[in-house]
Each structure stands twice: as C-alpha cells, then as structure tokens.
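Thanks for coming. I have one structure to go through, and it is on the next slide.

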Amino acid sequence: MTGPVVRPALDSIPTYVPGRPAASAAQAYKLSSNENPYPPLPGVFEAAVEAAAAMNRYPDLGCADLLDGLSRRFGVPVDHLAVGTGSVAVLYHLLQALVSAGDEVVYAWRSFEAYPIAVVAAGGRPVQVPLDADARHDLDAMADAITDRTKAVIVCTPNNPTGPAVRGDELAAFIERVPSHVLVVIDEAYREFVRDEKTVDGVSLYRGRENVCVLRTFSKAYGLAGFRVGFAIAPPAIAAAIRKVALPFGVSHVAQRAALASLEVEDALLERVEQLVAQRLLVLSGLREGGWEVPDSEANFVWLPLGDRAVDFAAAAEKAGIMVRPFAGDGVRITIGEPEANDILLRVAAEFRST
Ligand SMILES: *Cc1c(COP(=O)(O)O)cnc(C)c1O
C-alpha cells in the first residue's frame, strides 16, 4: 500500500538552515542570522504590547495603516505595495503568482538560501549563475541566462551571504537587457546598511518600469525579525497578484503595529544602523590587516571565503563565544554585532590564521 505522494520536485528542495542560536546569552553572541543586536526601541515595544491586547481579533487583512505609512515613507501609491510575513513570504507569493510548472527563475549563486527553496516550491526551475571572483553578481552572465521560459530574475543587493552590492550603473544597464516579460526582483533586505555611493536605491529603478519590483523587510535594520513583516514595492499589476495569492491575515496585528511604529521612530533606528556600519568598517579593516581576503560588504555581515575550513572556523568561533553561519565547503558569514562580539571575531580570525 502506498500513501499520498508529494510532488517529486520537493526532493530537490534544500533545507533552510537557520543560524544557530547561542546556548545562553551569557555564553555566546549570536552572529549567525544577520539580526539587529539592539533591543526594541521604546515606542516600538509599547506599540506591540498594546496591540497584543487585541489578540482575540483577526488582524486587518489589508494592513491599511501600515500600507499608508509605507506609501508616505517611500512616495509610492498604496496599490503599488504588498505586505507579507517577511519579505521571504512576499517572494513566495510573487513566484506563486508568476511561475507555471517548469518556468525558470534566474539568480546568482551563492546567494540567499531561500531562493532555491522558493523557486522549487512554486513549481519553477532554479537557474543559478555563479558569482564572479569578487563574490559579486555577474550581471552579464545573468542576462545571458534568460530564456523564453524565464519569468523572473532575482538580484540580491547587497548579496547575502557574500556582502557586495550591485552598482547603480550596472544594474540600470542590466535592466535594459532584460526582456519586458521578465520581472526583475531587486531584493534589498540590507539596503539601510549600504554606504557606497555607486549603488542605487532599487525604488528609483522601479519607478516608471513595468517589470521591476523591490523587496524590503523590517527584519534587519528595523530590528523586527521575530515579528515577520516584509513588503514589495512593485508595478500595480504585480502588487495585486501578490496580494491575491497571499495567506489571508498572515501579518499579525502586533507585527503591523510594530512595523508602523518603527517607521515613526526611523531616525533613532537609523542611528543604530550607523553604529553597525561603523563596526562593519572596523571589522573589515581588522580582518584585512590580519591578512584575510574579504569581499566588500555593504550589509550587516562579512564573508570569509574559507572553503573546506568553513565548518572548522565556525567551531573555533563557537568555542570563543560567537555563533556564526558556516556554509560547508564554501565560507562563513558573520553578522556584525555588539562591539564586544566583533572583537571576539577579530581575535578568533587572527588565531585561526595562525593555526
Ligand atoms: C533576511 C533576508 C530577507 C528577509 O527575510 P524576512 O523574511 O523579511 O525576515 C530577504 N532577503 C534576503 C537576501 C535576506 O537576507
């Protein structure tokens, strides 16, 4: 007797590996999930606590207040926005709306580990284009990889886990090369950490184009990873399609309120981002002075291309009190955290090089 049979394509879905937590806060710093190390700001925390009192009610299905806030913040019409439980969920909805069986989705590799999972889950075929020698997107090769079956191209900038951001001129030229029936998805989960003036805000490229969409999240710079809120800024037909397939009532009332409150205290939040950016510069220069070859990072993490020694490095880091994210056989991604945690990283890295 056989039981129900799931889609064979699921066999090819890699497992999402979450960054390991520290066994206890006293023991270790968690630098494995690119979270914001700062506790919630008072206004945000209070908004969430107050919202929790309404837990017996369904949330606002349309996220109207949050959409209004986002519309003002980004200067885009409400019908160009779609909200989901994290920008990963928004990506799932987007692909569900675009992809029919066997359609292709092009993205760089290595990049965000959710991409192959989301593409296969939607019934699509992942087309992975290797990063170049500097761990950057090879946009020419990505454009060359587009076929009649391609529905979307994902550009992760800054790229998780390697760090570099795509330059504005190369991204604009790339978009010109992409046929109009292919959606360019610019995943800007780390946009707030970008300081390189040669980059461009994806929102400026979405304006006036029918095939460019931007994904943003409250999980990283805004410090709401646990509440699951992300959004798309997209041409209205795309935004409507995302809303159509989205899980009803996915984004909780608490999450909607906290996200809205975060927009209201954005200046204070971005102050913290500034401190993390300053720490990133210290970590990058510290590593490079120690002889490491580290790709540029415009995000809140750095990448050590350790190859076969990635897992060993993670073990050494854990011993010293920091949890990092190894990608076996490839490299290690380390989130920029508290200054003390970053100091431990530099120490571990120096010791590791000398062994
Ligand atoms: C963290 C991250 C996201 C956002 O995840 P959420 O689902 O919003 O928490 C999206 N894209 C990339 C590349 C990320 O690293």
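First, a definition: a polar contact here is a pair of N or O atoms within 3.5 Å; within protein, one must be able to donate a hydrogen and the other to accept it, and residues adjacent in sequence count only if both atoms are side-chain atoms. The model is predicted, so local features need pLDDT of at least 70, side-chain atom pairs count only at pLDDT 80 or more, and totals for chains, interfaces and linings use all residues. Residues are numbered from 1 along each chain as its sequence is written, and side-chain values use heavy atoms, with hydrogens and water left out.

Start with Glu 113, in the loop between β3 (104-109) and α4 (114-121). Helices (H or I, at least four residues) and strands (E, at least two) are DSSP runs, numbered from the N terminus. Glu 113 has 13% relative accessibility, so it counts as buried, meaning under 20% relative accessible area with a 1.4 Å probe, protein chains only. Its side chain makes a polar contact with the side chain of Arg 325, at 3.0 Å.

Now the sheet. Three strands form an open sheet in the order β9-β12-β11, with antiparallel pairing; strands pair if DSSP finds at least two bridges between them. β9 (301-304) and β11 (325-327) are at the edges with a single partner strand each, so one side of each has no neighbour in the sheet. β11 and β12 (residues 331-335) are joined by three bridges, and Phe 327 has Gly 331 of β12 as its bridge partner.

Last, helix α11 (residues 310-320): its buried residues are Ala 310, Phe 313, Ala 314 and Ala 317. After α11 comes Gly 321, with a positive phi near 110 degrees.

Definitions and conventions
Buried < 20%, exposed > 50% of the residue type's maximum accessible area, 1.4 Å probe, protein only.
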